[in-house]
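Hi everyone, thanks for making time.

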Amino acid sequence: MARNLLKLGALEAQKTVFLLCDVQETFRPHIKHFGEVVRVANKMLEAAKHFNIPVYVSEQYPKGLGHTTKDINVDGAALVYDKTTFSMYSQELKDRLKKDVPNLGSVVLFGIETHVCIEQTVIDLLNEDINVHVLADGVSSRSLMDRNLALQRMQSMGCFITTAENVLFKLLRDKEHSAFKMISKLNREPTADVFDLHVTSKL
């Protein structure tokens, strides 16, 4: 009997959603490599249009902390919502996902902070038996130590620690895909080597 390809890390666009977590302007001075997180987020939001993948964007207590940075255009998002929980997987998001993507198999997650909101979102999604891909080039924290240890913990939980380019080519699967030229253009620049991964021996 064939194994479930999604459990092995494959991706199918019609069973996938993108989650962008709390990339708010007020955090810019405090988050390591904030600009790279923004760059990857924009790449993923543009790619989502070509794959018809819905994007859900959270904002942590925007009344006090402000909204998603204007450097990211979230106009095409399926949902931009407020939260006070650290996990993105609030009841509001859970209900919306059941409605929008009833056959949801995989989530691609990026944003901040890796060791708080990203990790707690991963725990909640894995608990629902949803496959999770965290973009190592699209997440960060105030401390690289916290970021790297969180990536190691999430990998141990059964999460796929990956990159934007890896995810997008998994979604393509074939150079004959109608979005191949556009996705290749988005990935013309290689994944930036800006994050120190030495802490995570498993990565």
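**The sheet and what packs around it**

Okay, let's start in the sheet: strand β1 (residues 16-21) and strand β2 (residues 55-60) run parallel and are joined by four bridges. Helices (H or I, at least four residues) and strands (E, at least two) here are DSSP runs, numbered from the N terminus, and two strands pair if DSSP finds at least two bridges between them.

Some housekeeping before we go on. This is a predicted model, where local features need pLDDT of at least 70 and side-chain atom pairs count only at pLDDT 80 or more, while totals for chains, interfaces and linings use all residues. Residues are numbered from 1 along each chain as its sequence is written, and side-chain values use heavy atoms, with hydrogens and water left out.

Back to the strands. Across from Cys21 you'll find Ser58 in β2. In general, strands of a sheet pair through backbone hydrogen bonds, either parallel or antiparallel.

Now zoom out: in what order do the six strands of the open sheet come? Reading across, they go β3-β2-β1-β4-β5-β6, with parallel pairing. At the edges stand β3 and β6 (160-162), each with a single partner strand, so one side of each has no neighbour in the sheet. From one strand to the next, the twist averages 25°.

Helices pack on this sheet too. Helix α3 (residues 91-100) touches β1, β2 and β3, and its direction makes about 160° with that of β3. Contact, by the way, means heavy atoms within 4.5 Å. Helix α6 (residues 164-172) touches β1, β4 (106-112), β5 (131-140) and β6, and makes about 140° with the direction of β5.

**Helix against helix**

Next, α6 has a helix partner: its axis and that of helix α1 (residues 34-51) come within 11 Å and cross at roughly 5°. That makes α1 roughly parallel to α6; the label goes to angles under 35 degrees, with over 145 being roughly antiparallel, 65 to 115 roughly perpendicular and the rest oblique. Axes are lines fitted to C-alpha atoms, for helices over the stretch in contact, and angles run from 0 to 180 degrees between N-to-C directions.

Who meets whom? On the α1 side it's Val40, Lys43, Met44, Ala47 and Phe51, and they meet Ala164, Val167, Leu168, Leu171 and Leu172 in α6. By class, that contact has nine nonpolar, no polar and one charged residues. Here Ala, Val, Leu, Ile, Met, Phe, Trp, Tyr, Cys and Pro count as nonpolar, Asp, Glu, Lys and Arg as charged, and the others, Gly among them, as polar.

**A lysine and a glutamine**

Last stop: Lys83, in strand β3 (residues 79-83). Is Lys83 buried or exposed? Lys83 is buried, with a relative accessible area of 4%; buried means under 20%, exposed over 50%, partly exposed in between (1.4 Å probe, protein chains only).

The side chain of Lys83 reaches the backbone oxygen of Thr85 at 3.0 Å, and that of Phe86 at 3.0 Å. Gln60, over in β2, is buried as well, at 10%. The Gln60 side chain makes a polar contact with the side chain of Lys83 at 2.5 Å. A polar contact is a pair of N or O atoms within 3.5 Å; within protein, one must be able to donate a hydrogen and the other to accept it, and residues adjacent in sequence count only if both atoms are side-chain atoms.
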